[in-house]
Amino acid sequence: MNTNIIISGVGGQGILTIAAVLDTAALSENLNVKQSEVHGMSQRGGAVQSHVRISDKEIYSDLIPKEKADMILSVEPMELLRYLPYLKKDGWLITDSKPFENIFDYPKKDDVYKQIKTHKNHIIINATSQAKRIGNSKAANMVLLGAASTLLPIPEKSMTDAIKKLFQRKSEKIVKLNLEAFEKGKELAENFKDFVYRE
Amino acid sequence: MKNLVLGNEALAQGAIDAGLSGVYAYPGTPSTEITEYIQRSKTAKSLGIHSTWSVNEKTAMEAALGMSYTGKRSMVVMKHVGLNVASDVFMNMAVSGINGGLVVVVADDPSMHSSQNEQDSRFYGKFAQIPILEPSNQQDAYNMMHYAFDLSEEFQLPILLRMVTRLSHSRAGVVFKERRTQNGMQLPIDTKRFALIPAFARKQYQTLVSKKDLLIKSSELSKFNKLELKNSNLGIICSGIAHNYVMENIGEENNYSILKISQYPMPKDQIKALYDHCKMVLVVEEGYPFIEEILHDYFEENPKIIGKISGDLPFTGELTPNIVGKALGLTKDIDEEIPDVVSNRPPQLCDGCGHTDMFNAINELIPEIGDKNVFGDIGCYALGALPPLNTINTLIDMGASITMAKGAADGGMENAIAIIGDSTFTHSGMTGLLDAVYENTPITVIISDNSAVAMTGAQDSSALGRIKSICLGIGVDPKHFITVIPLRKNHDEIVEVLRKELNFKGVSVILAQRACVRIPSNKKEEIKQKIASIKN
C-alpha cells in the first residue's frame, strides 16, 4: 500500500490540519508516514502545499515525485491546478470551489473550473459555504477531507478518531462541528455529479 | 509507539534525551522549531533546560560556549546565514575546543524558500576543521544528537550538525529512546586553552590540526557512513537528504554500489574503495558540490566523477526525486505542465499589518525624494520590495539597512531612509546606528516595531519595550526620536513627521509601534504588561 496526496491552498487556510488528521490516522493504523510542509515567508498569504505520503513500506523521499500523486486535495481551486504535474494519470482532483482572491491577476473563475473538469476524476464542492451552514467556515478543510475519505485507503474510523484526538483540546463542540463537516463532505462527494458555476 | 514529529522536533527531542542543559538560538527559517519545541517541552522545563531566545546568533553561540565551559552540554541553533553572524566565535571555539559537549545546529535553505542565499554550511565545518553530521531522515536526526554530544566530548570539539529545509519541515514517526542525565558542573582543568592569546592559540591550533587523522578515522568507522559494493558500472555517493531521493528512485532491491555519507571529514578509505570498484561515480548531495569538489581534489579533475560540477545535476536549487531520477537515467522528463490559467501567488503582508501603513507613508514621499533611497532589512517588511508596495530597494543581511543608508549618505545621497524591524534592530542594527550617531550622518531610520519576531512566527523580541532607551542611550537626539502609530487614520501625520525628519540633516529615528496582527489578543495584553514593567 502506497498513497501520495498533495494538499494545497493559500497560507492560513488550514491545510496542515488536514495533513495532521491524515498523519495521525495513518500512524494509528501502524503505517509509515512522511509529510512535508511549508513554514516561513511563503506562509504569508502565498501558495502553500503539503506532501503527505503513506505506506506500509519504508518511505524515502519527503517529496512526492511528479506524476506519482494519487490525489490533489485543495482548499482553493486555482491552487489545485498549480500541482497538476504531480498527479498520476488516473489520480483524483478534489477542491473547494471558493476562490481566494488576494492577487490582482486572479484568472477568470470559469476558466479555472473548466481546466479542472478536463480531468475525468474530479470533485468540486462548495466546502466553505457548507461549513458555514454547519457552524463555522473554518471547518471547510474537514468537509474536503470527508469528500476525499472514500477514495483513501485509510479506514474512516481512524480518520474520525484522529479528528476527535486533534480537536479535543479545543472543545467538545468543535470536535462535533468538525465531525459533522467530515460527514457532510463524504455525502457531497458520494452525490457529486457535476459542478455548475454561476456568476 | 512512534511519535509524529518534524525533523526539527526530532532533533530537539534528541538533544533533550541526550542530556542537554541549554539551547541558545535566534529564530530563523528553517531552524526555528528546534528551539520552540524545547521551549514548549514540559520535560525540558522540569529539567531546567535553558531555552530563552538570544539577541543574535553570535551572542547565542558565545553563551553556548560559556555553558560548555562549565562542563554542561549545550546546543546552539540557527539558519545558515546566522552562521555568518556567529562565524567569529565558531572559528575560534574550534581552536579553543570545548568542555561539555557542544553541538552547532545549522539549517540550510537550498532553493531559498525563506532566505537570501543557499550557502552550504558544510564549508564552514571544513573551514573550522571540525566534524560535521548530516542526517537524512527524522529518526537519524533524533539518533544523531546523542552521537553528536558523545563525539563532541570525545574530541573536545564543537560538532556541526547540518539540516536542510526539507528535513527540518517534514514529519515522520520517530522512536524516542531513554533520556540520560545532564552533566554536572565541571570547570575545565586547564583554562588556558580558552584564552587565545597568540602564544596559547598557536599551541591550540596545532592540537586542532593534529586531530585531523583521528577525525577521518572516526568517519570511516562511523555507523552513519555506509558503503555497499555491488555492480561496478555506476557507483553513487550520496549524503544527507539526497540519499532519500536516490533510494526513492532505485528502491531497496537494487544493484548499485552506494556510499552514504552522513559524517565528515570524508571517509577516505570508503571513497577510495568505491572509486576503484566503479567505472563512473555519481555524487548526489543537497547544496553546493562539496563532496564532488573534494573528490576532484583526491583524484584530480576526473571525468569519471559526475554530479553538479559536470552538469549532470543542477548547480542551484534543491534536489527533488525527479531531478535525481533523471541524473540516474531512470526518469524521463514530465510532459504535464502547470496550466497557463494559474497565476503566481507570492507571499504578502497580512491584512491590517502596520508595516503596510508605514510603507504607504514612505511611498507618498517618493515623488519628492526619488525612488532609490529606501534601504530595507530582513523580516516581513522585506515584502515591501514587491508589488504593490515597491518601496524598498535593498535587502542584504540583518542590520544592513542602517549601515547601507549611512554609507549612501556618506556617498552624497540626500534623504536616505532605513527601515528595520524591532528584533532585527537589536540583532544587528544598534551598532550601525552608533556609527551614524558618531558622525551625525543625515539618515532617517524607521524602526517598524511590531513587538515580535514576526516572520518566523511571532517569537518574543528582546527589543520589547527597550527601543527608545537603546536609541537615546546610543546618543540619538531626543528631539529627533519620534514615536508614531502606523494606522491608516494616522497617515497624514506620519507623512508629515517623515518629511520633517528627512529635512533634518542628522540622525532621526522614527519608531512606528503597533503589535503584529498575528499576535493573539491575550498575548498582546501580556506584551503590554511587559512593556509597562520595563518602563517602571
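1. Strand 4 (residues 69-74) of chain A runs parallel to strand 5 (residues 87-96) of chain A, and five bridges connect the two; strands, like helices, are DSSP runs numbered from the N terminus, with at least two residues in state E for a strand and at least four in H or I for a helix, and two strands count as paired if DSSP finds at least two bridges between them. Within this pair, Leu73(A) has Ile94(A) of strand 5 of chain A opposite it.

2. The model is a predicted one, in which local features need pLDDT of at least 70 and side-chain atom pairs count only at pLDDT 80 or more, whereas totals for chains, interfaces and linings use all residues. Residues are numbered from 1 along each chain as its sequence is written, while chains are lettered from A and ligands numbered from 1 in the order in which they are written.

3. Two helices of chain A should be read together with these strands. Helix 5 (residues 140-149) of chain A packs on the sheet, where it touches strand 4, strand 5 and strand 6 of chain A, and its direction makes about 145 degrees with that of strand 5 of chain A; contact here requires C-beta atoms, placed from the backbone, to lie within 7 Å. Helix 3 (residues 109-117) of chain A lies across strand 5 and strand 6 of chain A, at about 150 degrees to strand 6 of chain A, with axes fitted to C-alpha atoms, for helices over the stretch in contact, and angles running from 0 to 180 degrees between N-to-C directions.

4. The sheet itself draws on both chains: it is open, with eight strands in the order 6(A)-5(A)-4(A)-1(A)-3(A)-2(A)-7(B)-1(B) and mixed pairing. Its edges are strand 6 (122-125) of chain A and strand 1 (3-6) of chain B, each of which pairs on one side only. On average, and with direction ignored, neighbouring strands of this sheet are turned by 20 degrees against each other.

5. Where does strand 2 of chain A meet chain B within the sheet? Strand 2 of chain A runs antiparallel to strand 7 (residues 170-174) of chain B and is joined to it by three bridges, and Lys34(A) has Ala172(B) as its bridge partner in that strand of chain B.

6. Taken as a whole, the interface brings 39 residues of chain A into contact with 39 residues of chain B. On the side of chain A, helix 1 (15-28), strand 2 (32-36), helix 2 (77-82) and helix 3 each supply at least two residues, and strand 2 of chain A gives the largest share, five residues. That side of chain A divides into 16 nonpolar, 13 polar and ten charged residues, where Ala, Val, Leu, Ile, Met, Phe, Trp, Tyr, Cys and Pro count as nonpolar, Asp, Glu, Lys and Arg as charged, and the others, Gly among them, as polar.

7. Chain B contains 21 helices and 18 strands. Its radius of gyration is 25 Å, close to the 24 Å that the globule rule gives for 536 residues, so chain B is as compact as a globular protein of that length; the radius is taken over C-alpha atoms, and the rule is 2.2 Å times the number of residues to the power 0.38.

8. For chain B, the domain assignment, which is automatic or from a database, gives domain 1 (3-210), domain 2 (226-327) and domain 3 (354-535). The C-alpha centres of domain 1 and domain 2 of chain B lie 27 Å apart, and their contact takes 19 residues from domain 1 of chain B and 14 residues from domain 2 of chain B.
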